[in-house]
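Good morning, colleagues. I would ask you to keep the sequence and the structure in view while I speak.

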Amino acid sequence: MIAIYVRQSVDKKDSISIETQIETCKGKILSSNTEKTEVFSDKGFSGKSAANRPEFQRMMSEVRQKNISKIIVYKLDRISRSLIDFITMREEFQKYNVELVSCAEDFDTSTSTGKLMLNMLMMFAEMERETIQKRATDNFYARGEKGFYLSGREPFGYNKIEIYVEGKKTYTLEKNKEESTILKKMFSDYFSGKSMGDISRWLNNSKIAGRKNRPWSNNNVSRILRSPVYVKANADVYNYLVGLGAKMNNDIEEYIGKNGCYVYGNPAERKGIKFSNLSTDFVTLGLHEGIIEPSLWLGVQYIINQKQKHSNLGFGNLTWLQGLIKCKCGYTLYVKKCVNRKHKNPIEYKYLYCKGKDYDTCRYFTNMIRSSKVEEIVEAEIITHLNNLKNIQPNEIEKDNPELNALKIQAAKIDEQIDGYVKQFENLSEVTIKYLDDAIKKLDSEKKILIDKINDIQLKANRSIEIDIDIDEVINNWFDYEMDVKKAVSKKIIEKIILDGEEINIIFY
C-alpha cells in the first residue's frame, strides 16, 4: 500500500490546503502502479509532536504491520518540523523497508540522489542535536553556578517557590514547617543510634507521606541523610565536600552556616552512590536556608561512612555488643554457640569469634574468649563512664580542643602549600608541571586524612553534648535491661570496642 500523509495546522490564506497536498502527492504515483493508495490526513494538528496526531499514529501502526511500502508527503515539514524527530521516524521506515518521497524537495529514498540527501539531512540533524544538547548543558551549569534550583520535585522538607533573580524567573526552596520538623527528627534519631530501617518504619507507621506518596524505604532515608541540600553549610561542610572530590563553585568564606548546597553534574559519569563520591560533581550554595545544623549533619555523615566500612552493622541476638566489638586485625567479632555435652544436662557457652581466622589473616585471637566475660568488663566501664559524664558541664566539652586546633592549622598550611604550587604553574615546562601536580595530589591526600581526623574529634564532642539518654535511669536500671535495650544504649555511647587478645580497649564517644 502507498500512503499519502497530509497535514495542515490551521486554515490560512498562504497555507497549502489539504486538498492541494493530496493532489500534488498523487502526481508522484505512476499510472502503471497497481498498489492501493490510502490518505492519512491530520487537519488542525501541529507538526511539533507526532504523538498528538491521530492519523500519523494510525499510519505508523500500518507501517509496523508491514502494510505500507511507500509514504508520500507534500513537503518534509508536513511529517515533522523537527529534524531529530524525522531521523527517528526514518530509522523506523528503514526497519520496515518503507520508501519516503517528498514532492517539494524532490526527495525519494528509492533513488541514489534521495539517499544522498538523506545522509546529508542526518549529518545536519546530528549537528543540531549536539548544538541543542550543549546549549542545554551550558544553561544547566550556568544556573547551577548561580544557586538556582535546577529541576525536579522539591526535596522533602521544602516547598518550591517561584522567584526572579537578575530579571529571570527561577525557583528556590522554602522550609515546609511540618516536614522540616520531621526531617530534624530523622537526623537526630539516626545520630542517636537508630537505623535507617527504624526511621523508615516510623515514617510509614506514622502515615507520613513522602514524595510521590510512595512508601518510605532505607534508600529514601539514606538519600535524605546524605544530601547537602539540608545542611546549614559552614567551613567544616565545605572541607568535607572537598574531601569527597567535589568542585566547589563558591569560596570557603561564603560558607557561613546559613544556606544549603546543591550537588549537580553528569549522572552518567557518577561513580557509586550519589553524595558518597563527588569527583565528577559540582557543589554550589543554594539561595535557600538549610535546616540541619552542620555539626549534626557531619556527625550523621561520619556514622554512615563508618558503618559502610564494616559488613556487620550490629544485628544479632547472642550479645548486646554485636556490631560494636572488633578484633585488632580489623574484622568484626561474632558470637558462636558451643554446647558441652559431657554433663548430664548439656551446658551452652557463647564465645567470641574473629572472621579473620577463616582467612588466616588474624594473629591476635589465639584463645577462645567468652562473650559474657567481655560483657561484664564493658558493663562496669559503661557505669563508670556515665558517672563521669554526669559531672561534665557542657562548657567543659565545648572548650577549644588543642588536638583539633592543631589539625586545623596543619590543614590550613597544606592549603597554603597547594596555593603556592598552583601559582608556579604559569610559564613552567610540561615536565616541571607534572612534578608539581604529583606534589599537589600528595598534599591533597594528606589533607583528606586530616579532615577525617577533624570530623572524628568533632563528632565525639557533639555526641557528648547531644547524648539523649537519661543517665541516672540507665545507671540505676542497667542490670535489669533486656538485651535490645542494652544494645540501643551501648550504640549511643560507644564508638567501638577493640580486642587485642584478651586486652579490651573501649572507645566512648
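**Helices, a buried asparagine and the cysteines**

Let me begin with the N-terminal end of helix α9, which is capped by Asn 234: one of its side-chain oxygens lies 3.1 Å from the backbone nitrogen of Asp 236. Please bear in mind throughout that this is a predicted model.

Helix α9 itself covers residues 235–243, and its buried residues are Asp 236, Val 237, Tyr 238, Asn 239, Tyr 240 and Leu 241. After the helix comes Gly 245, with a positive phi near 95 degrees.

One of those buried residues, Tyr 238, leads us to Asn 250, with which Tyr 238 is in contact. Asn 250 sits in the loop that joins β8 (247–248) to β9 (259–265). The side chain of Glu 254 makes a polar contact with that of Asn 250 at 3.1 Å, and the side chain of Thr 284 makes another with Asn 250 at 3.3 Å. Setting aside neighbours within four places in sequence, the residues in contact with Asn 250 are Tyr 238, Tyr 255, Val 283, Thr 284 and Leu 285.

I turn now to a pair of helices. Helix α7 (residues 196–205) packs with helix α8 (residues 218–226); their axes are 9 Å apart and meet at an angle of about 110 degrees. Because angles of 65 to 115 degrees count as roughly perpendicular, that is how α7 and α8 are described. On the α7 side, Met 196, Gly 197, Ile 199, Ser 200 and Leu 203 take part, and on the α8 side Asn 218, Val 221, Ser 222 and Leu 225. The contact of α7 with α8 comprises five nonpolar residues, four polar residues and no charged residues.

Next, helix α16, residues 483–493. Which of its residues are buried? They are Lys 486, Lys 487, Val 489, Ser 490 and Ile 493. With 24% relative accessibility, Lys 491 counts as partly exposed. Lys 491 and Ser 192 are 299 residues apart in sequence, yet their C-alpha atoms are 8.0 Å apart in space.

That pair brings me to the chain as a whole. The chain contains 16 helices and 16 strands. Of its 509 residues, 41% are buried. Among contacts with a separation of 6 or more, 62% join residues 24 or more positions apart.

Finally, the cysteines. How many disulfides does the model contain? With the sulfur atoms required to lie within 2.5 Å, the count is zero. Cys 103 is in no disulfide, and the nearest cysteine sulfur, which belongs to Cys 25, is 4.1 Å away. Cys 103 has 12% relative accessibility and so counts as buried. Cys 327, at 3% relative accessibility, likewise counts as buried.

Definitions and conventions. Residues are numbered from 1 along each chain as its sequence is written. This is a predicted model: local features need pLDDT of at least 70, side-chain atom pairs count only at pLDDT 80 or more; totals for chains, interfaces and linings use all residues. Side-chain values use heavy atoms; hydrogens and water are left out. Buried means under 20% relative accessible area, exposed over 50%, partly exposed in between (1.4 Å probe, protein chains only). Helices (H or I, at least four residues) and strands (E, at least two) are DSSP runs, numbered from the N terminus. A polar contact is a pair of N or O atoms within 3.5 Å; within protein, one must be able to donate a hydrogen and the other to accept it, and residues adjacent in sequence count only if both atoms are side-chain atoms. Axes are lines fitted to C-alpha atoms, for helices over the stretch in contact, and angles run from 0 to 180 degrees between N-to-C directions. Angles under 35 degrees count as roughly parallel, over 145 as roughly antiparallel, 65 to 115 as roughly perpendicular and the rest as oblique. Contact means heavy atoms within 4.5 Å. Ala, Val, Leu, Ile, Met, Phe, Trp, Tyr, Cys and Pro count as nonpolar, Asp, Glu, Lys and Arg as charged, and the others, Gly among them, as polar.
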